[in-house]
Amino acid sequence: MDENHVLIFDTTLRDGEQVPGCKLNTPQKIEIAQQLEALGVDVIEAGFPISSPGDFNSVIEISKNITEPIVCGLSRGVKKDIEVAAEALRFAKRPRIHTGIGTSDYHIKHKFNSNRDNILQRASDAVAYAKSFVEDVEFYAEDAGRTDNEYLARVCEAVIKAGATVLNIPDTTGYCLPDEYGAKIKYLTDNVRGIENVIISAHCHNDLGLATANSIAAITNGARQIECTVNGIGERAGNTSLEEVAMIMKQHPRLNVTNNINSKLLNPISRLVAEKMGMMVQPNKAIVGSNAFAHSSGIHQDGVIKNRETYEIIDPLEVGVDESMIVLTARSGRAALAYRAHKVGHSLTKLELDKVYDVFLKHADMKKEILDEDIHQIIAEAV
């Protein structure tokens, strides 16, 4: 793999589906998986096979319907989990088992009632067992964000020896700051023997709104896989947003990294996932929100009409949006009104525009937004 290429690992169908009320059936999962393949993701985490018969069957059917991406099944570091994941992935062209265990003292003491040496052995054994079924094994150190770096390095070294091909370093609770998370990745690259032979993966949660920032910090410090979801959906406050990290890499050449995402499909798949999961996208969501390319301030509208780049760093077409929206409100100016009037068939002279604008403001003070049909009425009243 190109050392500057970042793999996009999509977990919309696994971590994203853990959102209350967002359960998908198998045909819906297959449809989304096929669109993820078209989008260009490198890995599709299709589900957690042992969690339910439905999830087991979904992983089987997705494996049958996907050709290019790696298809991944999650498991705990438990033999039965790993066996069921391997069985569910039997039709996958490029199967991966994703197994692991909690490594922070919070998990070791309170979740497992165990000790560091025992957890290290269980991690190694899980990877070795998964390796007996598939060549590609990803290990997750759950709550790595709050795990002591020295101990985390010991765990990583052990699972590499056991056969892991990918190391997932999750900020499971979304607690880390970007410099802290980036330093953790750097510590591992500098102190784990054999790490140059595996891929380091960032899996960040958004509890403090830092998932995307932490993921970018990870790739600037050596990570070459980002685990993310469409629309940033996921447990609690969600996961790293696929569309955000993809466009950050595209907009910032100095990062010197690439990915395979066809950005023009970002908005279509965002709408598909929102529809199938019944979870609307917040209007001000970066990249795919309905307001991401909408302008209502008169100053901004005037600038965008004259030259889009005055207030937009992304061409809407790049992410599958037809054009920027000039939204008419009481904050809009004459330039925006003239622009929208022209769009609906009215070319106003300067004198006409002054008259129409006075009437427009009266209407705009009474309505949150002036629509196309309102423009016709306003012009008829004014002229």
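This is a predicted model: local features need pLDDT of at least 70, side-chain atom pairs count only at pLDDT 80 or more; totals for chains, interfaces and linings use all residues.

Trainee: How many disulfides does a search of the whole structure find?

Mentor: A disulfide is a pair of cysteine sulfur atoms within 2.5 Å, and by that criterion the search of the whole structure returns 0. Cysteine 72 is in no disulfide, the nearest cysteine sulfur being that of cysteine 228, 13 Å away. Cysteine 176 is likewise in no disulfide, and the nearest cysteine sulfur, belonging to cysteine 204, lies 7.6 Å away.

Trainee: Is cysteine 176 buried or exposed?

Mentor: Buried means under 20% relative accessible area, exposed means over 50%, and partly exposed is in between, using a 1.4 Å probe and protein chains only. Cysteine 176 has a relative accessible area of 0% and is therefore buried; cysteine 72, at 0% relative accessibility, also counts as buried.

Trainee: How many salt bridges does the structure hold?

Mentor: Side chains of opposite charge can pair when their charged atoms come close. The criterion for a salt bridge is a side-chain nitrogen of Lys or Arg within 4 Å of a carboxyl oxygen of Asp or Glu, and the structure holds 31 of them.

Trainee: Which residue forms a salt bridge with lysine 111?

Mentor: Its partner is glutamate 142, with the closest N and O atoms 3.0 Å apart. The pair links distant parts of the chain, 31 residues apart, with lysine 111 in helix α4 (residues 105–111) and glutamate 142 in strand β5 (residues 136–142); helices (H or I, at least four residues) and strands (E, at least two) are DSSP runs, numbered from the N terminus. Lysine 111 has a relative accessible area of 47%, so the residue is partly exposed.

Trainee: Where does lysine 285 lie in its pair with glutamate 244?

Mentor: Glutamate 244 and lysine 285 form a salt bridge whose closest N and O atoms are 2.7 Å apart. Lysine 285 lies in the loop between α10 (266–277) and β9 (294–295), whereas glutamate 244 is in helix α9 (residues 242–251), 41 residues apart. Lysine 285 is buried because its relative accessible area is 8%.

Trainee: Which residues are linked in a network of salt bridges?

Mentor: Such a network links Glu17, Lys23, Lys29 and Asp55.

How values were computed: Residues are numbered from 1 along each chain as its sequence is written. Side-chain values use heavy atoms; hydrogens and water are left out.
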